[in-house]
Amino acid sequence: MKTQWNIDELEAQFTLLPPEIEWPDVKAKAYNRLGQAVMLKYFQQEGRFPEELQNIPSTVLDFIAQQLEIDPATVNEYKWDGRTARDYKRAIREMYGFRANSVTDQDELRDWLIAEALPYEHRRDHLAQLAYARLRQLHIEPPKQGRMERLVASARHRYDQQFFTETASRLPELVKTRLRRTSGGI
């Protein structure tokens, strides 16, 4: 998520609509209500959930807290990986027709990167953006950032291995023989 937001952008992207203001459990503790609202708006913006408080720009947090009339500092008590957060995430996914990702989804995403993205793009950050966009299109919640980085690295490695193997197989035997003599390879 970008870190700098002007007031017009905050109002356009992070204003809680009446059903969204009512959606957080009004009986819940303030930090849970704020955490739930932040996760909702973050998910709407990014198609994924924040993994920790540091992922949320302070201007966004302050803007959402102000709408709920909650002190933004209370969010420090929110457990981003706790049971309540998991319940909120499940409810938000259901609300938007998303599902949690599986190992199969990650394998399919790796294959998609190899077949559709890597022939044209090798920049790690851009590949991750393409992967996030693909999962959003498929309504699948992406894996955590660290897992996504490993998945992209794995796809790049597999693509490179396939590329080198294919390239080497196309070389004439004479060239392969000469390369073996000079480098001990192929």
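**Second largest pocket.** I looked up the second largest pocket and found a volume of about 260 Å³. Of its 14 lining residues, Phe49, Lys89, Glu141, Pro142 and Lys144 are the closest to the centre. By class the lining holds four nonpolar, one polar and nine charged residues. Helix H5 (residues 83-96) gives the largest share, four residues.

**Basis.** I note that this is a predicted model, in which local features need pLDDT of at least 70, side-chain atom pairs count only at pLDDT 80 or more, and totals for chains, interfaces and linings use all residues. Residues are numbered from 1 along each chain as its sequence is written, and side-chain values use heavy atoms, without hydrogens and water.

**Terms.** A pocket is an open set of points on a 1 Å grid over the protein atoms alone, where a 1.4 Å probe fits, with protein on both sides within 12 Å along at least five of seven lines; lining residues have an atom within 4 Å of a point. Volume is the space filled by probe spheres set on the points. Helices are DSSP runs (H or I, at least four residues) numbered from the N terminus. Ala, Val, Leu, Ile, Met, Phe, Trp, Tyr, Cys and Pro count as nonpolar, Asp, Glu, Lys and Arg as charged, and the others as polar.

**Largest pocket.** I found a volume of about 450 Å³ for the largest pocket. It is lined by 20 residues, with Arg48, Ala128, Gln129, Tyr132 and Gln145 nearest its centre. Helices H3 (30-46), H7 (124-137) and H8 (145-170) each supply at least two lining residues; the largest share, six, comes from H7. The lining divides into nine nonpolar, five polar and six charged residues.
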